[in-house]
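Biologist: I would like to learn how to read a structure like this one. Can we go through it step by step?

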Amino acid sequence: MLRDITLGQYYPANSVLHKLDPRVKLAGTMVFIVSLFAFRSAEAYIGATLFLAAVIRISKVPLKFMLKGLKSIIFLMMLTVVFNLFLTRGTVVFRLGFLAVTEEGIETAVFMAIRLVYLIIGSSVMTLTTTPNDLTDGLEKAMRPLGKVRVPVHEIAMMMSIALRFIPILLEETDKIMKAQMARGADFESGGLIQKAKNMIPLLVPLFISAFRRANDLAMAMEARGYHGGEGRTKMKPLVYRGRDKIAYLLLLLYLVLMFLVNRIGFFAGLI
Amino acid sequence: MGIIKARHVAFDYLRMDEEGQVESRSRAVDDVDLDVEAGDFVAILGHNGSGKSTLAKHINAILLPTEGTVFVDGKDTQDESKLWEIRQSAGMVFQNPDNQIIGTIVDEDVGFGPENMGVPQDEIWQRVEESLKAVGMWEYRSHSPNKLSGGQKQRVAIAGVVAMRPKCIVLDEPTAMLDPNGRQEVIRTVRELNRREHVTVLLITHYMEEVIHADKVIVMDQGKIVMQGTPREVFSHVGELKRFRLDVPQATLVAYELQKAGIALPDGILSNEELIGALEAYRKKRQNK
Ligand SMILES: Nc1ncnc2c1ncn2[C@@H]1O[C@H](COP(=O)(O)OP(=O)(O)OP(=O)(O)O)[C@@H](O)[C@H]1O
Ligand SMILES: [Mg+2]
């Protein structure tokens with residue numbers, strides 16, 4: 001269950017996408033998400049689909065890995081679909097008791113579902129092709145201007161990279177504790193929601209204790225190695241834009257323009 | 001002059017109540033004098049809770065003494081302006097390898113210390129290469145630490161410290177969580193650093209076989225240093241060591257029991273080979289009589 005989260009699970013492969021500067025990939029993900037929400041015509045969705053398919057192809061990451069991330073949002077997705085389906089006003093298609101399903105409802109539900117799925121896959125592409133460290137480096141650099149308004153950019157980036165490093169360790173530990181508790185007769189599966197939540201306590205308490213101990217140890221180890229914030233720090237692998245990064249930015253711009261046009265044309269066609 | 005010089009060091013762990021008032025204090029290190037010469041390999045022994053870790057944390061100014069002074073490479077650890085220099089001169093390796101590796105890739109982790117020190121980029125790479133080679137982990141430079149064995153992780157942690165070019169490395173039970181193979185790997189690495197690069201080593205451990213090669217052994221009990229000397233000197237006092245709830249090497253113990261049973265063997269036997277030699281010498285002497 002817990003291990004389905006693809007976040008922070010880098011898939012090593014030798015693709016152009018892997019080699020791109022993380023800032024480009026961050027920008028790309030942003031552009032993609034914006035395009036999903038800004039352009040709402042069927043034509044635009046086709047465009048987004050093509051773009052996503054091309055990117056996945058280039059990334060050389062098996063589709064299986066991209067789809068893994070979806071499992072964790074199935075519940076959220078069902079919820080949005082159901083809400084949109086029943087709570088949108090418009091021309092009624094059929095009724096289920098006091099609930100009415102409308103044409104507009106079906107349309108929004110479908111688009112909402114597509115959007116969510118693409119959103120997750122789009123961000124998975126980024127996390128699968130970028131090492132956590134590159135990712136946080138990219139974020140740190142991209143957010144640097146915020147440092148001027150006293151946003152602790154370096155600290156946020158450091159926190160993220162540590163979180164990413166410890167996610168797999170903590171997941172493994174969760175698994176271990178779970179098995180240990182199950183061996184003593186604990187039951188994490190049966191019962192209602194409340195019972196299940198209660199059953200989680202013997203899992204969460206040791207997990208929290210160990211997480212705090214790890215945090216304490218890690219803070220000490222970092223201090224012992226001379227860590228004192230971002231000031232006066234040099235970088236072993238500084239980020240530098242290369243030719244391919246510039247090309248990628250251009251392609252992104254092209255995508256945005258094309259999407260805008262396609263959306264417009266689609267819109268006009270709809271009017272006629 | 002010695003690289004570590006501690007005088008009358010005492011440390012209290014304080015327990016605060018909700019208002020931030022001191023509720024109780026417990027003395028973990030009590031009036032310790034410690035002198036370590038540059039290039040030495042010093043082992044520190046002691047039962048659980050005897051204050052070894054607490055003392056170790058004084059050496060790179062993670063803890064500051066409640067009483068007394070600690071000098072590292074001529075710098076007072078209380079002097080805040082020298083804090084980063086001290087942390088650079090005295091590196092520290094901890095027990096749990098998972099909790100001290102910061103990078104998500106081996107080479108990035110080794111570069112973490114030099115990055116903090118503001119070392120220029122080219123030199124960082126040079127240091128990373130040197131230190132990974134020194135611990136024999138260069139081939140693993142682009143691996144994720146999560147996929148390494150315990151002993152390998154610990155060697156990466158050591159490389160991370162070596163990359164800061166410290167004069168002295170303090171290792172707090174670096175082998176406690178490892179299997180026998182991993183333990184050997186790590187100890188061999190540490191001994192080589194000591195011999196080849198003349199890095200001063202302070203090794204805290206519960207394993208006697210890691211102690212017998214040290215230049216000096218220090219025994220702690222209830223926050224105090226209760227014995228010190230060469231391994232041979234310290235291990236010739238088996239009775240006393242037992243009083244401090246410490247083990248002795250197997251060969252030493254056998255020799256001690258034989259002595260008690262009336263067989264005249266020399267004091268301070270450390271290894272099986274020595275024991276065999278001594279027993280043979282003893283037999284010859286008996287036959288000659
Ligand atoms: N963070 C802390 N807060 C309060 N007391 C502590 C803390 N850390 C250690 N102590 C106490 O200080 C004493 C010395 O502990 P220390 O960890 O230095 O012993 P140690 O010799 O390293 O033991 P071990 O062999 O178990 O690692 C112990 O009595 C311990 O309970
Ligand atoms: Mg300890």
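Biologist: Which helix of chain B gives the most to the shell around ligand 1?

Modeller: Helices (H or I, at least four residues) are DSSP runs, numbered from the N terminus. A residue is near a molecule if one of its heavy atoms lies within 4 Å of it. Here helix α1 (residues 52-59) of chain B gives the most, with three residues. The model is predicted: local features need pLDDT of at least 70, side-chain atom pairs count only at pLDDT 80 or more, and totals for chains, interfaces and linings use all residues. Residues are numbered from 1 along each chain as written, chains are lettered from A and ligands numbered from 1 in the order written, and side-chain values use heavy atoms, without hydrogens and water.

Biologist: Which polar side-chain atoms lie by an oxygen atom of ligand 1?

Modeller: A polar contact is a pair of N or O atoms within 3.5 Å. One such side-chain atom belongs to Lys52(B), 2.7 Å from an oxygen atom of the ligand. Another belongs to Asn48(B), at 3.0 Å from an oxygen atom. Tyr13(B) has a polar side-chain atom 3.4 Å from a nitrogen atom of ligand 1.

Biologist: How many salt bridges are there between chain B and chain A?

Modeller: A salt bridge is a side-chain nitrogen of Lys or Arg within 4 Å of a carboxyl oxygen of Asp or Glu. The count here is five. One of them joins Asp107(B) and Lys237(A), 3.2 Å from N to O.

Biologist: Which element gives the largest share of chain B's side?

Modeller: That is α3(B), with 11 residues.

Methods
Polar contact = N/O pair within 3.5 Å; in protein donor to acceptor, adjacent residues only side chain to side chain. Helix = DSSP H or I, 4+ residues; strand = E, 2+ residues; numbered from the N terminus.
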